[in-house]
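Here is a short tour of one protein model, meant to be read with the coordinates open beside you.

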Amino acid sequence: MAASTDGTLVVKATSYDCARGLHSFVRWKPRGQSYRSEGCRACGAKLVDWRRLDRHDTGDIEYTVLSLQQELIRREFWTKPLDGKAINHAKGKGLVGLREATAHRLRRYLGRPRSELSRDGMQTPFAGNVIFYAQHATATCCRKCVEAWHGVDREEPLTAEVVGYMTDLVMYYVGRRLQTYFSR
C-alpha cells in the first residue's frame with residue numbers, strides 16, 4: 001500500500017498485507033496471460049478454489065464472498081463505511097431500481113471486450129453510489145478484475161448469464177451492507 005499526498009493509505013488491486021491474511025490475486029500486466037494469479041502475488045498462498053468460482057453459481061455465493069474478502073482491496077470495500085450520497089441514492093432507487101441500474105451499468109461499462117473499452121480499470125468510481133462500492137467488493141468493476149476473479153476472458157463479450165450472475169453478486173452486497181434500509 002502506498003500513501004497519497006494527504007497521508008491516507010491508497011489500496012489498489014495489487015495491494016496486499018499477507019501477515020493479516022489479506023492478499024492480492026491479480027497479476028500486473030501479464031502480457032498474453034490471464035490476469036488471474038492462482039496464488040497470492042506476494043506470498044504465493046493458494047487460498048481460492050478457482051474452478052468453484054468459475055461455475056458462477058449463485059447458490060454458492062457465500063463461498064465466493066468469503067474468497068473475495070481474502071483480497072485486501074475487496075475486503076476494504078466490504079468493510080469501509082458507505083458515504084451518505086451512496087446511501088441516499090440507494091434508498092431513492094430501492095432494490096428493484098438498484099438491480100436494474102446494476103445490470104444496465106454492467107452491460108454498458110463491462111459488456112464489450114476489453115480492447116473496445118476506453119480506459120478499462122477507470123470506469124468505476126470509488127464512492128457516491130452503492131453500486132460502485134459493490135462492484136469493487138465483488139470484482140465486477142473492470143474487465144481485468146472480472147477475468148481475475150470470475151474467469152471471463154477479457155476479450156470476450158459478457159453473456160447475459162454472466163451479467164445476471166454479476167448483478168446477483170452486486171445485489172448480495174447491497175443486501176448485506178444496506179440490510180437496515182431494505183429489511184422491511
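Leaving out neighbours within four places in sequence, Asp120 is in contact (heavy atoms within 4.5 Å) with Arg114, Cys142, Arg143 and Lys144. Asp120 sits in the loop between α4 and α5 and is buried, with a relative accessible area of 13%. Here buried means under 20% relative accessible area, exposed over 50%, and partly exposed in between, using a 1.4 Å probe and protein chains only. Asp120 and Ala13 are 107 residues apart along the chain, and their C-alpha atoms are separated by 13 Å.

A word on the ground rules: this is a predicted model, in which local features need pLDDT of at least 70 and side-chain atom pairs count only at pLDDT 80 or more, while totals for chains, interfaces and linings use all residues. Residues are numbered from 1 along each chain as its sequence is written, and side-chain values use heavy atoms, with hydrogens and water left out.

Arg119 is found in the loop between α4 and α5, and it is exposed, with a relative accessible area of 59%. Its backbone deserves a look too. Most residues other than glycine have a negative phi.

| Residue | Phi | Place |

Now step back to the overall fold. The protein has eight helices and two strands, and from the N terminus the order is β-β-α-α-α-α-α-α-α-α. Helices (H or I, at least four residues) and strands (E, at least two) are DSSP runs, numbered from the N terminus. The radius of gyration is 16 Å, close to the 16 Å that the globule rule gives for 184 residues, so the protein is as compact as a globular protein of that length. That radius is taken over C-alpha atoms, and the rule is 2.2 Å times the number of residues to the power 0.38. Along the principal axes, the C-alpha atoms fill a box of roughly 45 × 40 × 35 Å.

Buried residues make up 49% of the 184 residues. Of the contacts between residues at least 6 apart in sequence, 61% join residues at least 24 apart.

What lies inside? A nonpolar core is a set of buried Ala, Val, Leu, Ile, Met, Phe, Trp, Tyr and Cys residues joined through side-chain atoms within 4.5 Å. The largest one has 35 residues, of which Val130, Leu158, Met166 and Tyr173 touch the most other members. At least two residues each come from α2 (61-68), α3 (72-79), α4 (84-110), α5 (130-137) and α7 (160-177), and α7 gives the most, with ten residues. A second, separate core of 16 residues includes Val48, Tyr63, Cys145 and Trp149.

Beyond four places in sequence, Tyr173 touches Phe77, Trp78, Leu82, Val130, Tyr133, Ala134, Ala137 and Thr138.

In α3, the buried residues are Leu72, Ile73, Arg74, Phe77 and Trp78, and their cover includes α2, α5, α6 (143-150) and α7.
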